[in-house]
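Visitor: I would like a friendly tour of how the side chains pack in this protein. Could you take me through it step by step?

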Amino acid sequence: MRYFERSAGAVVYAVEADRVLYLLLHGKFGWDFPHGLVRLYETDEVAALREILEETGLIVSLVPHFREEIVYRYSRKGRTIYKEIIYFLAKASSLDVTLSKEHDAYLWATKEEALKLVARDETRQVLLKAAKKILEIEKLASQ
């Protein structure tokens with residue numbers, strides 16, 4: 001039997017001293033961006049903001065016109081789970097993270113560091129698209 005899960009989250013970034021830093025959370029599946037299951041009657045955007053707040057304590061602003069979806073499958077107790085994650089782009093005004101109990105570490109990383117640490121190839125592609133969007137909207141000299 002197959003099951004379907006839908007999650008929402010965001011590539012959370014902050015700009016510090018003209019550098020873009022990306023927030024990564026470490027859990028049982030490695031390094032990733034904040035995300036979690038979408039609840040019944042909850043929009044993807046609301047779920048993403050809720051999950052970011054629950055997992056990091058950060059109140060962020062979603063960047064308009066950025067939405068990326070990835071789908072992968074994994075097995076749990078002999079069942080195939082198809083998981084879809086909707087990633088938004090979110091700007092944090094603070095680097096002060098209050099980590100939830102579901103993660104054991106967090107890191108504000110440069111794009112290069114994040115590309116090496118992120119667990120999935122699909123998520124790396126989302127990061128590259130997010131970095132391009134950030135470059136457009138932040139008008140920084142380099143990234």
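Visitor: Which residues is Val11 in contact with, leaving aside its neighbours within four places in sequence?

Guide: Happy to start there, with a word on the source: this is a predicted model, where local features need pLDDT of at least 70 and side-chain atom pairs count only at pLDDT 80 or more, while totals for chains, interfaces and linings use all residues. Residues are numbered from 1 along each chain as its sequence is written, and side-chain values use heavy atoms, with hydrogens and water left out. Contact means heavy atoms within 4.5 Å. With those sequence neighbours set aside, Val11 touches Tyr22, Phe33, Tyr87, Phe88, Leu89, Ala90, Val126, Leu127 and Ala130.

Visitor: Which residues touch the most other members of the largest nonpolar core?

Guide: A nonpolar core is a set of buried Ala, Val, Leu, Ile, Met, Phe, Trp, Tyr and Cys residues joined through side-chain atoms within 4.5 Å. Buried means under 20% relative accessible area, exposed over 50%, and partly exposed in between (1.4 Å probe, protein chains only). The largest core has 22 residues, and those touching the most other members are Val11, Tyr13, Tyr22, Leu24, Phe33 and Leu89.

Visitor: Which element gives the largest share of this core?

Guide: Helices (H or I, at least four residues) and strands (E, at least two) are DSSP runs, numbered from the N terminus. Two or more core residues come from each of β1 (2-16), β2 (19-27), β6 (68-76), β7 and α3 (121-138). The largest share, 5 residues, belongs to α3.

Visitor: Why is the pair of Phe33 and Tyr87 edge-to-face?

Guide: Rings of Phe, Tyr and Trp (its six-membered ring) pair if their centres lie within 6.5 Å; planes under 30 degrees apart count as stacked, over 60 as edge-to-face and the rest as tilted. Phe33 is buried at 2% relative accessible area, and Tyr87 is buried at 0%. Their ring centres are 6.1 Å apart, and the pair is edge-to-face because the planes stand at 80°.

Visitor: How far from the ring centre of Tyr72 does Arg120 lie?

Guide: A charge sits over a ring if NZ of Lys or CZ of Arg is within 6 Å of the ring centre and within 35 degrees of the ring normal. Tyr72 is buried, with a relative accessible area of 13%. Arg120 lies over the face of Tyr72, and its distance from the ring centre is 3.5 Å.
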